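Dear colleague,

Please find below the structure that I am handing over to you. My findings follow directly after it.

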There are 2 protein chains.
Amino acid sequence: MKPLDTKDKILKAARQLFVEHGFAGTAMGKIAKQAGVNHSLLFHHFGNKAKLWGAVKADIVKDAKVQSTILPATDLKLEDFLQQLLANQIQFYRDNPDIVQLISWQRIEAGNESDIGVTLSEESQAWLDAIKAYQAKGEIAPQHKPEYIVTLILSIASTTALDNNQLIDNEEAYLEFCVAGLVKCFAAN
Amino acid sequence: MKPLDTKDKILKAARQLFVEHGFAGTAMGKIAKQAGVNHSLLFHHFGNKAKLWGAVKADIVKDAKVQSTILPATDLKLEDFLQQLLANQIQFYRDNPDIVQLISWQRIEAGNESDIGVTLSEESQAWLDAIKAYQAKGEIAPQHKPEYIVTLILSIASTTALDNNQLIDNEEAYLEFCVAGLVKCFAAN
DNA sequence: TAACGAATTGACTAATCAGTCAATTATCGT
DNA sequence: ACGATAATTGACTGATTAGTCAATTCGTTA
C-alpha cells in the first residue's frame, strides 16, 4: 500500500477518536484497529502518541482555515451586515465541529491554550476594521470601542451555536432579536 | 480512622483530580496516593471508578447550589439591576471553578448532558419573573420574549467569565458597555 | 473483656497501555 | 531483473490500569 494511503487512514482514524475522546481517552491500539492498520505503523509513521495528536491538530486547523468566516460587505445596511455576520459565524461553528471540539479539549486537557485560539485572532483585525468603517459612516457611535463590539458579537455567535440554549424555541427569531438589539445598542443618537 | 474521615479524604482527592484531568485522565491509584489512603479503600467505600465520579459530581453540584446567583431586587433601576445581575453571575462562575470545569468535562467526555445543566434552569424561572416585572413596570418593552432576554444576559456573563477575551483590556468597562447596550436594546420607546 | 462488624491492608489478577525491534515484504529507480 | 530503501508485520516488553480477595486490625457494644 502507498505510504500516503496508510498515513491518511491513520490520521483520519486518529482524528475521529481524538476529537471524540480526547488525548487521554484515546488508545493507539484503538486507532490502529479503526484504521485497519498494524499497530506498529502508527509509531513508524508518526513517532509517538503526542506527535500523532499534534498531526491531528494541525490537520483540523488546516481544514478550518480554508473555510473561515467570510466577512460580509461593509456597504450593507448595518442591520443586514450584523445579521449576515452572525449567520456566517454560527455556520462556521456548525460546519467545523472538529475544531470546536478540539478547542474544548485543548482548553480542558491542557491548562494553556498555546496552539490554537490564534486562529480567530488572525481575522479579528478584519472584523475590527469593518466596525470602524461603520463608525466612519456614522451608523455606529464613535465612542464605542470596536473591540467591545466584536467581542459582544462573537459572544452571541458562540453561545448560540455551541450552548444548549434551553430557553430558545426558535433560533432564527432569537437572532433577529439580537440583531435588532445590537443595532439599537450601537446606534449613534 | 473514622470512616467519614477516610471517605472525605478520598472524595476530596478524587474531586481535585477528576476536575483537573477528567474521568479517563484520572487513575484510581493516583487518587489513593493523593488521599494518603490504601488503594483498596476506594473500592470499599465507593464501589468502582464510575460511582466515585458520580459521588464527586454530586458533591460539586451540592456545593454550587449553596451559593447560586442571588437575584438583585427588582425595584432597582433597570440599569443597576442588570449591572448587579451580570456581576453576580460572573462572580458565581469565578467562585465555583469546579462546577464550570465539571460541566465542561460532562459536555466533552459524554455526548449527552443529562446530569447537570438542570442546575441552571431551576433558577431561570426567577430570572424570567424578574424580567416580566420590569416589563410590567414599562422599563422593558413588552414585545420582547423574556426567554430571549435571559439567554442574552447569560450569554454575556458566561463568555465574559469563561472565555479568554483577547480583545478586552478592561473587563469592568466592557461590562458597562454591555449594560448600557442592553438597556437601549430592551427599552420601550 | 469478649466478640462482632466494619475498616484497612497488601498481595494478586487480567486487561490494556505506549512503545521497541528484528524479520519480512513491497516498491521503485536503475 | 537487481538492489536499495521504505513499508509492514507480529512478537515482545515493562508499566499502568481497574478491580478482587482473604487476612488483619480497629472501634464499639454487650
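Predicted model: local features only at pLDDT ≥ 70, side-chain atom pairs only at ≥ 80, totals over all residues.

Residues are numbered from 1 along each chain as its sequence is written, chains are lettered from A and ligands numbered from 1 in the order in which they are written, and side-chain values use heavy atoms, with hydrogens and water left out.

**DNA strand D**

DNA strand D is surrounded by 19 residues (a residue is near a strand if one of its heavy atoms lies within 4 Å of it). The closest are T6(A), S40(A), M28(B), S40(B) and K49(B). By class, this surface has 6 nonpolar, 10 polar and 3 charged residues (Ala, Val, Leu, Ile, Met, Phe, Trp, Tyr, Cys and Pro count as nonpolar, Asp, Glu, Lys and Arg as charged, and the others, Gly among them, as polar). Sugar or phosphate accounts for 61% of the atoms of DNA strand D within 4 Å of the protein, and bases for the rest.

At the bases, a nitrogen is 3.0 Å from a side-chain N or O atom of H39(B). The elements that give two or more residues to this surface are α1 (3–21) and α3 (39–46) of chain A, with α2 (28–35) and α3 (39–46) of chain B (helices are DSSP runs of H or I, at least four residues, numbered from the N terminus). α3(A) gives the most, with 4 residues.

**Domains of chain A**

Chain A is divided into domain 1 (3–63) and domain 2 (67–186), with bounds from an automatic or database domain assignment. Their C-alpha centres lie 32 Å apart. In domain 1, 13 residues are in contact with 11 residues of domain 2 (heavy atoms within 4.5 Å). The area buried between them is about 970 Å², 59% of it from carbon and sulfur atoms (accessible area, 1.4 Å probe, that two parts lose on being put together, summed over both).

The rule finds 1 salt bridge across this interface (a side-chain nitrogen of Lys or Arg within 4 Å of a carboxyl oxygen of Asp or Glu). D98(A) forms a salt bridge with R15(A), with the closest N and O atoms 2.7 Å apart. On the domain 1 side, α1 and α4 (49–66) of chain A each supply at least two residues.

With kind regards

Technical notes. Polar contact = N/O pair within 3.5 Å; in protein donor to acceptor, adjacent residues only side chain to side chain.
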